[in-house]
Structure formats: structure tokens, C-alpha cells
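Plan: look things up one at a time and jot down what turns up.

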Amino acid sequence: MKIKKINMMGFKSFSDKMDIPFPRGISAVVGPNGCGKSNIVDAIRWAMGEQSAKLLRGRQMEDVIFNGAKDQKPQGMAEVSVIFENGDGSFPPPFAHDAELAITRRLYRSGESEYLINNVPSRLKDIQEIFMDTGLGNRAYSIIGQGKISAIIDQKPEETRAMIEEAAGITKYKKKVEESKRKIELTKVNLERVEDILSEVERQMRSLKYQASKARQFKSLGEKIGRLELILHSNSYHELEEESHSRMKSTQDLLHEEVGRTTEFSSIQAGIETLNIELDEKDKEIAGLRQAYHQAKEDVNRKESILESMTTEKRVQQELENRLVQEKGEIHRRHRELVEEKANLYGKIEEVKKTSEHLEDEISLLDRRVKGKQEFLKRVREEYEEVKTRVQSGMSKEMSLNQESGYLNNRIGEITDGRSRLENEKTGVDQKMEELVRASRRKNEVREALVGKLQNIETDIGGERQQRDLLEQTKKELEIEIKSAEAELNVCESRLASLKSLTENFEGFKLGVRTIMRAQDLDARRQGRIMGLVADVIQVEPRFEQAVETVLGDKLQYVIVETQDDGKEAVDYLKARAKGKSSFVPIRDVNGNGNHAHGNGFPLLRELVTVPEDYRHIIDLLLGDAALVDDLNKAITAWKVNGRDQCLVTPDGDMVDRTGIISGGKVAYGSHGILARKREIKELGKKRAEMAEALKGYKARLEQMDLQIREKESSLDRLVEEKDDCQEKINDLDKATFQISHELDQLEKLGTRISDELEQKNKEQSRHRDALSKIESELEACKQSREQEELFLREKEHELQECESEFERLREEVESRKMEFGLSREEERGLTREVDRIADFTEEGQQRLKRIEDEIVEAQARYQETVKREESLKGRLHAFYQKLKQAEDAVNSEEQNRNQMQNTIREEDKRGEVLRAGLDELKEQIHRAKMEQSEVVFKMNGLVDMVRENMNIDLKGVYREHLKDDFSAPEIRGDQRGVRA
């Protein structure tokens with residue numbers, strides 16, 4: 001089994017349909033990281049039935065469906081098909097003759113999944129069993145992904161065993177063993193359950209027998225209890241009917257009283273409504289007066305509030321004037337202080353300017369000295385760095401030469417050792433190549449012999465398979481015949497069982513006949529004095545059945561008894577149980593003197609039937625002189641001529657009796673008489689035995705055929721196993737030959753490479769020795785130059801340190817003077833800002849004085865105006881007080897009138913409440929009366945329904961027939977309990 005091709009569509013990164021062929025030889029999938037190489041391995045494992053999304057590098061199984069990209073929409077389905085080719089005939093037996101085997105798996109986003117084998121829907125189990133036969137599997141060693149090799153190396157012994165079993169192809173049989181064990185356990189559980197059910201059914205059968213006897217006793221007592229119950233229900237219904245009439249009359253009286261009280265209550269309610277309307281009008285009038293009162297009160301409060309605000313305003317204006325006068329004096333005092341402070345600041349500014357000018361001269365002188373020293377220091381540092389660079393370069397070169405010298409010495413030693421090793425290795429390679437050539441020649445000879453043997457085995461396999469196919473075709477034809485025979489036998493047995501059931505249950509017989517034939521408590525039946533039915537003792541040919549049944553008719557259902565006393569006992573039995581009627585033929589007491597006229601040339605029916613001698617006289621009596629004629633026309637003709645005292649009947653059942661009455665016609669298709677049923681039971685019994693014997697022969701032939709097929713299968717398995725073994729040996733030889741060829745190629749390449757390396761090492765060793773002598777002379781010259789440069793470097797280093805210390809001292813002094821100069825300039829700027837602030841404040845003070853004088857004049861004018869308005873408002877406020885008093889008096893007067901009217905309404909409400917309470921009580925009485933009336937009617941209807949349901953009797957129509965003058969319910973119930981007990 002070899003992978004030929006993989007088809008993918010919508011799987012992971014493969015959006016469109018992708019076909020990947022795997023030609024013969026070694027195939028490889030190469031590409032940069034992230035191009036989907038691992039997805040191809042995942043596709044193979046997924047198609048072979050992998051169920052773990054984690055092993056497919058996903059969180060859930062839907063992750064394998066293409067989820068969309070920049071310019072592509074997501075797919076709704078993923079599909080992978082792996083096509084295998086049957087190169088070495090290693091397909092499982094069901095597919096051994098197929099050239100290719102296609103395994104397909106589909107997954108939809110809805111979660112539905114499909115598996116197909118050669119485009120035929122199948123189960124996951126079928127696919128797994130295919131690969132179990134081959135040693136493959138979705139998790140077997142045959143698929144080695146990232147990290148698989150390390151997992152195989154580090155796996156546990158039991159995991160290694162599982163891997164070997166998978167490779168050997170025995171996993172399928174282990175799974176079948178496990179499945180068989182589970183089925184056996186399930187069968188054991190089912191058997192235990194069947195035993196429990198059998199024991200439970202037996203227990204229930206005993207209980208049902210007891211219940212059946214109790215049911216018969218219950219039926220006998222039920223009728224008596226039913227009569228007592230009918231009397232009880234009829235008298236109870238009569239009492240309830242009388243009680244219903246009485247309660248209906250009392251309800252009507254209560255309804256008349258309710259009408260009177262309702263009228264009185266309505267008149268009181270009308271009076272209360274009138275008073276409420278007047279009260280609403282009075283409330284509206286009071287609301288208007290109250291609104292006028294609140295308006296007047298609001299006007300008074302507003303005027304009083306204005307008067308209080310004027311008083312506050314006068315006080316505020318007085319306080320403002322005093323505050324402004326104080327502020328004016330404070331501004332004059334502050335102005336004098338600022339003039340003095342400004343003069344002092346001008347003096348300090350002149351002193352600070354002189355100090356700043358002196359410091360500026362000193363800083364300029366120091367800056368010139370620092371710049372000169374800095375230029376000298378720069379020249380010294382450049383000379384020092386130049387010398388230092390030369391010294392370091394010499395040291396680096398000397399170190400590099402030392403390292404290169406050591407490297408060359410080591411390399412020369414390594415080359416010498418390598419040459420010795422390569423010479424030894426080349427000798428070993430030549431010897432191994434000679435051994436491999438000899439081994440390859442031997443294996444080719446063995447392979448040719450095995451190929452010849454394999455061809456012979458394949459010829460034998462083809463012949464055996466052809467013979468097996470012929471046997472299987474014959475087996476299928478035989479199985480079809482067996483199924484047909486079994487179906488026919490089942491139909492026959494079903495019909496026979498049905499007819500026997502009808503016969504055993506006496507179906508088609510009268511009720512009286514069935515009762516007698518089943519009566520186990522009848523003495524004549526128990527003691528064997530009931531001999532059977534007339535139909536049981538008659539044997540007749542099929543062509544005469546209709547004629548006999550037409551003549552005998554219901555006489556076939558006559559019961560044969562020993563004596564007339566036995567017949568009387570049976571009649572009494574039927575009467576006592578009301579189980580129909582039946583006729584009884586006493587075999588001892590029957591009068592056999594009948595009319596035995598001649599047959600006018602026609603055969604008599606009694607001569608055409610077979611009857612035991614003990615019953616012959618009975619059948620002769622029942623058939624009488626009835627004769628058989630060919631058709632109805634002959635029967636009528638014969639009757640008219642000389643047969644007026646004889647019954648004539650045709651084979652079709654048409655009959656002319658002694659009186660000339662003609663009977664005839666044709667029964668419905670498929671209906672059978674009693675005699676035909678007996679004949680059919682006999683024929684079906686014989687037919688069943690013949691068919692069972694034939695079916696037994698078919699099955700024996702089938703077993704013989706199965707044995708031959710198994711022998712062929714065994715022979716085929718042996719040949720296939722021999723072929724597989726031979727093929728496996730050829731494959732092993734091919735692998736070994738290929739490996740030998742591969743090793744020879746590798747050894748040839750290795751020998752060539754060794755020779756090349758030896759030549760290269762000789763050249764390299766000569767080159768390294770020349771370079772080593774040159775490096776040693778350069779190293780000596782470099783050492784002498786480095787010692788002179790180091791002496792000059794130490795002198796320059798001392799000179800550089802002295803220059804740097806002098807430069808740092810001058811620089812620190814310049815920084816100190818610059819700091820003092822900056823402080824002086826900052827102090828001068830601060831004093832100047834203070835002088836400017838004093839000048840600004842003096843100007844603002846002059847402007848504030850002018851504003852204060854204007855505000856004082858305005859405050860005095862507002863104060864005088866407020867005094868005048870206050871005097872005017874006090875005069876108008878007196879008139880508002882009088883208007884408020886008048887409104888308050890009007891509101892109080894109207895509220896007194898409203899309270900009197902409200903008291904009147906409350907008194908009427910009390911009267912109405914008393915009447916309402918009485919009316920509610922009366923309605924409650926009416927409701928109770930109606931409920932009691934309904935309850936009585938409900939009881940009456942309940943009695944009628946119960947009697948109709950239990951006894952199928954209309955109690956309303958018949959209850960008067962069962963009334964008793966001296967009825968006593970306890971007495972009737974006592975009788976019922978006595979019957980039940």
C-alpha cells in the first residue's frame with residue numbers, strides 16, 4: 001500500500017482544490033517556513049480518522065476548515081482524499097482486487113462529518129479496520145511528524161509494544177477480541193435479566209389465577225349489589241328533588257325582600273348625592289374667598305418685605321460711607337512710606353553697578369589666560385595620543401603575529417595527523433567496497449529464484465479464487481432457495497396455527513356449543529360422557545364437502561353425548577349461566593329408524609362419508625336419504641318425477657329438500673366451512689412435514705457448501721500468506737540490494753573525497769610552513785620598535801598631567817568670578833523691579849482716592865432717596881391690613897356653613913351604611929340559598945351520571961319505579977356491606 005495522490009479542498013491553508021501526486025521513489029515536500037508543509041501531514045492523519053484536534057495543532061475540530069484570508073472568504077467545508085495504489089497487493093481482502101483505494105473525509109461548519117471509501121459512505125470504524133490490516137494508522141509509526149522521533153525513543157515499554165503490534169497488523173484482532181468480550185458480557189447481563197423476567201412472570205401468573213377466581217365471584221355478587229345501589233340512588237334522587245323545590249321557594253322569598261331594601265337604599269343614596277353637589281358648590285365658593293384672603297396676605301407680606309429691605313439698604317449705605325473714609329486715610333499714609341523707600345533703593349542700585357563693573361574686568365582677563373592654556377593643553381594631548389596609538393598598534397601587531405604563529409604551528413600538526421588518518425580510512429574503504437560487491441551478486445541470484453516462485457503462486461491463487469467464486473455463487477443461489485422455503489414454511493405454519501387456534505377455541509360455533517366444549521366444571525364433560533361434535537367424527541372427500549355441509553348445516557355443531565340425561569345436564573348448565581343454546585345427540589338413546597328410501601339411481605351422501613362404526617348410526621340418521629346429483633337442473637327434474645320424499649343436493653351445495661324448497665348460491669371467496677377447515681388442517685400438517693424435510697436437505701447442502709468454501713478460503717489464505725512471505729523476501733532483498741548499491745556509491749564518493757583531501761592537505765602544509773618563517777622575522781622587528789615608543793610615551797604622559805592641572809585651576813577661578821558677577825547683576829535687576837513696583841502702586845493710589853470721593857457722594861444721595869421711599873410705603877401698608885381682615889372674616893363664615901352641611905351628609909351616610917349592611921347580609925343569605933340549591937342539583941346530576949356510567953341506566957326516567965315507602969338508606973347500605981362481605 002503506497003500513497004499515490006492527495007486531494008485537498010478547504011483544509012487549513014488550502015482554500016482551493018489542491019492535488020499533490022507522490023510518484024514512485026522518494027518524494028519530498030519542500031518550502032519556506034509557514035508555507036503549509038506540516039498541513040499536508042495533518043491532512044493525511046485527519047483523513048485516516050484522527051479525532052484529536054490538539055494533535056492536528058488546533059483547539060477544536062472546526063479549526064481545520066479554511067477560515068478566510070485577505071482576499072478570500074472562509075470555506076464552509078473541509079475535504080481531504082488520500083488515494084492509495086495496490087502495488088504489492090497489500091490491500092485488505094474486501095479491496096484486494098482494486099487497483100486504487102480512496103479514503104475521503106468531509107467536515108462541515110455545522111459539525112456534521114462524513115467518511116467515504118471509494119466514494120461510498122462508510123463508518124469511521126471501517127476506515128480504521130482497513131489500516132489495522134496494513135499496520136498503518138493515524139497515530140502509528142508510519143506517520144512521523146515534528147517531535148515524533150524523540151517521542152518514540154523516550155516512550156514506555158507498553159507504548160513500544162503497541163507500536164510493534166500496530167506495525168504487525170494485529171491491532172484489528174485485539175480490537176475484535178475486546179468487542180467480542182463486551183458482547184459476551186452484555187449477553188450475560190441480558191440472560192440474567194431474562195431469568196428475572198421469567199421469575200416475575202411466573203409470580204404474576206399465580207397472582208392472575210387468584211384474581212380470575214375473585215373476578216368470577218365479584219361478577220356473581222355485582223348484580224345483587226347493582227340492584228341495591230339502584231334502589232338507594234333512586235330514593236336519594238327523590239329526596240334531593242323534594243329538597244330542591246323547598247330551597248327554590250325560600251330563595252324566591254329572599255329575592256322579594258332584597259328588592260324592597262334596595263329601593264330604600266337607593267333613595268338615601270340619591271339624597272346624599274344632592275347634598276354632595278351642594279357641598280362641592282360651597283367648597284368652590286370657599287376656595288374663591290380663601291384665594292382672595294391669600295392674595296391680600298401676600299400683598300401685605302410683600303410690602304413688609306420691601307420696608308425691611310429699605311431699612312437694610314440705609315444701614316449698608318451708612319457702613320459703605322464710613323469704610324470709604326477709612327480707606328482714603330490709609331492710602332495717604334502708604335503713599336508717604338513708599339516715597340521714602342524709593343529714595344533708599346536708588347542708592348543701593350548705584351553701589352551694585354560699581355561692583356559689577358569691577359568683576360566684569362577681572363573675568364575678561366582670566367578668560368584670555370584660560371584660552372591660551374587650553375590651546376597648549378590641546379597640542380600636548382594630541383602628541384600624547386599619537387604616541388599612544390603607535391604603541392598600541394605595535395602591541396596589537398606583535399600579539400597578532402604571536403597568535404598567527406601559534407595557529408600555524410597547531411595547523412601544521414593537525415594536517416600531519418589528518419593525513420595519517422585519511423590514508424588509513426582509504427585503505428578500509430577499498431576493502432569494504434570489495435565485500436559489498438560480492439554480497440550484491442549473491443542477493444541477485446536469490447531474488448531471481450524467488451521471483452519465479454512468486455509467479456507460480458500467483459497462478460495458483462487465481463485458480464483457487466475462481467473456484468471459490470463459483471462455490472459462493474452456488475451458495476447464494478442455495479440461500480435464496482432456503483429463504484424462499486423458510487418463508488413458505490412460515491406461511492404454512494402460521495396458517496396451521498391459526499386454524500388450530502380457531503378449532504381449539506371453537507370459532508364459528510354457537511355460543512352454547514363453545515360453552516359446553518370448554519366447561520371444565522360440567523360433570524359429564526369431566527367424566528368423558530361428552531364425546532365431541534358431529535363435525536369431529538365425519539371424514540369426507542373435498543369434492544363432497546359442500547354437499548355434506550349443506551345437508552347437515554347446523555347439525556355439524558350437534559354435541560354427541562352418551563345418554564339423554566347427559567344432554568339434559570348440559571342444557572341445565574347453559575340455562576343457569578345464560579350462555580346460549582345447543583343440540584345434543586345421545587349416542588345410546590337416539591332413535592335410528594329413519595326414512596331409508598332408495599336413491600333413485602343417485603348415490604346417497606351417507607355412503608360417501610367415512611365415520612367410525614360407533615357413530616355410523618348417528619350420521620346415517622342425520623344424513624338420511626339425501627342423495628348427490630350432478631347439478632341443480634337434474635335435482636329439480638328428479639324431484640318432480642319421483643323424488644318428492646327425498647332431499648337432493650349437488651357438489652356445489654345447491655339443494656332441493658323434501659318440501660321442494662331450493663337452497664343454493666356461492667359463499668364469499670376464502671370462507672370455509674367446518675369440514676373444509678378440518679381437511680385444510682390435515683393437509684397443512686402434511687405439507688409442513690414435507691417442507692420441513694426439504695428445508696433440512698437444503699441446509700445440509702448449505703453446510704456442505706460452507707465447508708467447501710472454508711476449505712478454499714483456507715487454501716487461498718495459505719497461498720496468499722505464502723505469496724506475501726515470498727513478496728516480503730523479495731522486498732527485503734530489493735531493499736538490501738538498494739542499500740548495498742547506495743553504500744557502494746557512498747564509499748566511492750568517500751574514497752574520491754579522501755584522495756582530494758590528502759592532496760589538499762599536502763599543499764596546505766607547505767603553504768603554512770612558508771608563512772610561519774616570514775611571521776617570525778616580522779615579530780622580532782616589531783618588538784624592538786615597541787620598546788622605543790613606550791619610553792617616549794611615558795615622557796609625554798608626565799607633561800600632559802602638569803598642563804591639565806594648571807588648566808583646571810584657571811578654569812575654576814573664572815567660574816567663581818562669573819558666579820559673583822551674575823549675583824551682582826541679579827541684585828541690580830531686583831532693586832530696579834522694586835522701584836518700578838513702588839511707582840506703579842503710587843499711581844494706583846492716586847486713582848483710587850479719586851474713585852473713593854465719587855463713591856462717598858453717590859452713597860449719601862442713595863441714603864436720602866431710601867428715606868423718602870420708606871415714609872411713602874408705611875402710609876400705603878395700613879390700607880392693606882384692613883383689606884386682609886375683611887377677607888379672613890368672610891372665609892371663616894363660609895367654613896362654618898360648610899361644616900354644618902358636612903355633618904348632615906355624615907348622618908345620611910350612617911343610615912345608608914346600616915341599610916347596606918342589612919342588604920349585604922340578605923344577599924349573602926340569597927347566595928347561600930342559591931349555592932345550596934346548586935349543590936342539591938349537582939348531587940342530583942352526579943347521581944344520574946354515576947348511575948349512567950356504572951349501570952347504563954337513565955335514573956331520571958326510572959327512579960320512580962324503584963321508590964320504597966319504608967326506604968332507609970342505612971338499611972340498604974347494610975345489605976350492600978353484607979353482600980360484599
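**Strand pairing**

I began with β12 and strand β13 (residues 648-649), which pair in the parallel sense over two bridges. One caveat for everything below: this is a predicted model.

Then I widened the view to the whole sheet. It is an open sheet of four strands, ordered β12-β13-β14-β15, and the pairing is mixed. The edge positions belong to β12 (627-628) and β15 (662-663); each has a single partner strand, so one side of each has no neighbour in the sheet.

**Aromatic rings**

How many aromatic pairs does the structure hold? I get one. That pair is Phe11 with Trp46, with 5.3 Å centre to centre and 40 degrees between the planes, which makes it tilted. I noted both numbers because a pair of aromatic rings is described by the distance of the centres and the angle of the planes.

Phe11 is in the loop between β1 (2-9) and β2 (18-21), while Trp46 is in helix α1; they are 35 residues apart, and the pair links distant parts of the chain.

Are these two buried or exposed? Phe11 has a relative accessible area of 0%, so I put it down as buried. Trp46 is buried too, with a relative accessible area of 0%.

**Backbone angles**

I went looking at phi next.

Arg57 goes on the list: it is not a glycine, yet its phi is positive, at about 60 degrees. I found Arg57 in the loop between α1 (37-47) and β3 (77-85).

Asn118 goes on the list as well, with a positive phi of about 55 degrees, and it is not a glycine either. Asn118 sits in the loop between β5 (113-117) and β6 (120-122).

**Helix α5**

Last stop was Arg421, which I located in helix α5 (residues 171-504). Which class does Arg421 fall in, buried, partly exposed or exposed? Its relative accessible area is 48%, and the cut-off for exposed is over 50%, so Arg421 is partly exposed.

I also took one distance from there: the C-alpha atoms of Arg421 and Ala449 are separated by 43 Å, with the two residues 28 apart along the chain.

Conventions
Residues are numbered from 1 along each chain as its sequence is written. This is a predicted model: local features need pLDDT of at least 70, side-chain atom pairs count only at pLDDT 80 or more; totals for chains, interfaces and linings use all residues. Side-chain values use heavy atoms; hydrogens and water are left out. Buried means under 20% relative accessible area, exposed over 50%, partly exposed in between (1.4 Å probe, protein chains only). Two strands pair if DSSP finds at least two bridges between them. Rings of Phe, Tyr and Trp (its six-membered ring) pair if their centres lie within 6.5 Å; planes under 30 degrees apart count as stacked, over 60 as edge-to-face and the rest as tilted.
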